[in-house]
Amino acid sequence: MLLAACGSGTDQSASSTNQSQSTLDPVLVAQGAQIFRFDTFGDETQWSDTLRMHEVIRTAVDPTTALSVGLKVDSEALPASVVQGIKDGSIDLKSPDTTVALLKLNAVVGLQGKVEVVNGKDTLTRVGVTCALCHSTVDNSFAPGIGKRLDGWANRDLNAGAIIALSPALSATMKAVYNSWGKGMYDPRFNQDGKNGPQVIPPAYGLNGIHRITSTGDGEEISYWNRYVGVTQMGGHGSFMEPRTGVSVTNGTDDQITAKLPALQAYQLSLVAPPPPSGSFDAAAAARGKLVFNGGGRCATCHSGAELTDANLRLHLPSEVVSEPEPNGAPSYASRSATGQYRTAPLRGLWQHAPYFHNGTAATLESVVQTYNTKQSLGLTETEILDLAQYLKSL
Ligand code: HEC
Ligand code: HEC
């Protein structure tokens, strides 16, 4: 329903595969929300036992530092006294003890901390991560980085590489790779294939009806990739095996992932792309841009159907796609994937998640259109380019 309401009215043929939002079991969706936000699948084994992140956080990461690397604080988890203390400055945002206190309140988005009293003092003894670390942000309604949760929105402020590089367990060479990624980027294959080519952290919303998951369409269902990330990236307990890439990982003997996958997927299917804020684009230009999209821009030859993608029908070879070669001499991302190809990206909610393309090579939607115009010799005029960008902002 919501998807249809903010639809642009282009060819609706691909929408027949949609599982409508209203047919999702609300109990399953609610369970999935808890898993998405708070479940580590036992990945403390990786983040605490191996990487010793709890030691770094409790000694060196004060809230100001945490916010500066893009970690977010859930204002709704804060009791009134803490809200007041932050406002009047009586709570010290330069002390790692405050970070431990926030973790004890379960207020740091995507981090789960175990806080125990050691020698009379609240001490962080274990820490793990959840899906929300990368795929949730907050609305900044209390302060920058502090607000209500926005699940499914990519955290483009998060410097995941810089956070991992704080681990005392890594070599200088590994730290250098992690520190090279930057904000909003993460390489979800580096620890499997040893190649360094960070990807933009994508939104986890707007995927209902799309049966090619990730930028390379590796899985037919979201659960495929959820299992991949849960096991191979987060370090959760369970197994992932993929003969097409040779990845085969089992953590622990107690599978803490498989039983949770249906609820986790239901929650993601319930997350719709956010409509553009009113006044954020020029409606008249967007209407003209839609004509370019369907006409001279030839965009609709691939970005077709309700979700503006032909992903359910076919994938595309790197030679057809304008976002390669990769920056910094990195190997083709498709070549590291299970399909060797790219999925036409769905375009709903584009306004929200710059930069664009799998590798983030286009900073703005104008730059996306310029790239197509140049690489595909479309011969669009300057006005058509601007109109088309306005249309993309309206989706
Ligand atoms: C450390 C950051 C990080 C964490 C944690 C993380 N992801 Fe992701 N996620 C990524 C990146 C980067 C990609 C892009 C992968 C690609 O396109 O090849 C991605 C891709 C996805 C996609 C594909 C989106 C699409 O457009 O097809 C889904 C769905 C997803 N993640 C869900 C999850 C879930 C559920 C969890 C928890 C089990 C999770 N992610 C944990 C970084 C993360
Ligand atoms: C040959 C098929 C094809 C055509 C034609 C095409 N696209 Fe794409 N588009 C793709 C693929 C594949 C991707 C994903 C590339 C990647 O992830 O790097 C993509 C990605 C994008 C993105 C980035 C989405 C994101 O989430 O980062 C935008 C925006 C976009 N296209 C707009 C357009 C516009 C505008 C046109 C017309 C000028 C167009 N596309 C023509 C296949 C196509």
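Axes are lines fitted to C-alpha atoms, for helices over the stretch in contact, and the angles run from 0 to 180 degrees between N-to-C directions.

This is a predicted model, in which local features need pLDDT of at least 70 and side-chain atom pairs count only at pLDDT 80 or more, while totals for chains, interfaces and linings use all residues. Residues are numbered from 1 along each chain as its sequence is written, and chains are lettered from A and ligands numbered from 1 in the order in which they are written.

**Stop 1: confidence**

Colour the model by pLDDT, the predictor's confidence in each residue, from 0 to 100. The mean for the protein is 94, and 94% of its residues reach 70 or more. Next, select residues 1-17, where pLDDT stays under 50. Where pLDDT is low, the predicted coordinates should not be read in detail.

**Stop 2: α2 and α13**

Helices (H or I, at least four residues) and strands (E, at least two) are DSSP runs, numbered from the N terminus. Select helix α2, residues 26-38, and helix α13, residues 261-270. Their axes come within 7 Å and cross at roughly 95 degrees, and α2 and α13 are therefore roughly perpendicular to each other. Two residues are in contact if their C-beta atoms, placed from the backbone, lie within 7 Å. On the α2 side, select L28, V29, Q31, G32, A33, I35 and F36; they meet P262, A263, L264, A266, Y267 and S270 of α13. The residues of this contact divide into 10 nonpolar, 3 polar and no charged. Here Ala, Val, Leu, Ile, Met, Phe, Trp, Tyr, Cys and Pro count as nonpolar, Asp, Glu, Lys and Arg as charged, and the others, Gly among them, as polar.

**Stop 3: ligand 1**

Select ligand 1 and the 27 residues around it. A residue is near a molecule if its C-beta atom, placed from the backbone, lies within 6 Å of it. C131, C134, Y186, T214 and S215 come nearest to ligand 1. Helices α8 (132-135), α12 (222-233) and α13 each supply at least two residues of this shell. Which helix gives the most to the shell around ligand 1? It is α12, with 6 residues. The shell of ligand 1 divides into 17 nonpolar, 10 polar and no charged residues.

**Stop 4: ligand 2**

Select ligand 2, which 24 residues surround; the closest are C299, C302, S323, Y356 and H358. Both α15 and α16 supply at least two residues each to this shell, and α15 gives the most, with 3 residues. The shell of ligand 2 comprises 14 nonpolar, 8 polar and 2 charged residues.

**Stop 5: the partners of α16**

Keep α15 (residues 365-375) and α16 (residues 382-393) selected; their axes come within 9 Å and cross at roughly 130 degrees. Helices α15 and α16 are therefore oblique to each other. From α15, the residues L365, E366, V369, Q370 and N373 meet I385, L388, A389, L392 and K393 of α16. This contact of α15 with α16 holds 6 nonpolar, 2 polar and 2 charged residues.

The contact is made by A285, A286, R288, G289, K290, V292 and F293 of α14 and E384, L386, D387, L388, A389, Q390 and Y391 of α16. Its residues divide into 8 nonpolar, 2 polar and 4 charged.

**Stop 6: backbone details**

Most residues other than glycine have a negative phi, and most peptide bonds are trans. Select P325 and then P355: the peptide bond from E324 to P325 is cis, with omega near 0 degrees, and the bond from A354 to P355 is cis, also with omega near 0 degrees. P325 is placed in the loop between α14 and α15, and P355 lies in the loop between α14 and α15. Finally, select N106, in the loop between α7 (96-104) and β2 (111-118). N106 has a positive phi of about 55 degrees although it is not a glycine.

How values were computed. Parallel < 35°, antiparallel > 145°, perpendicular 65-115°, else oblique.
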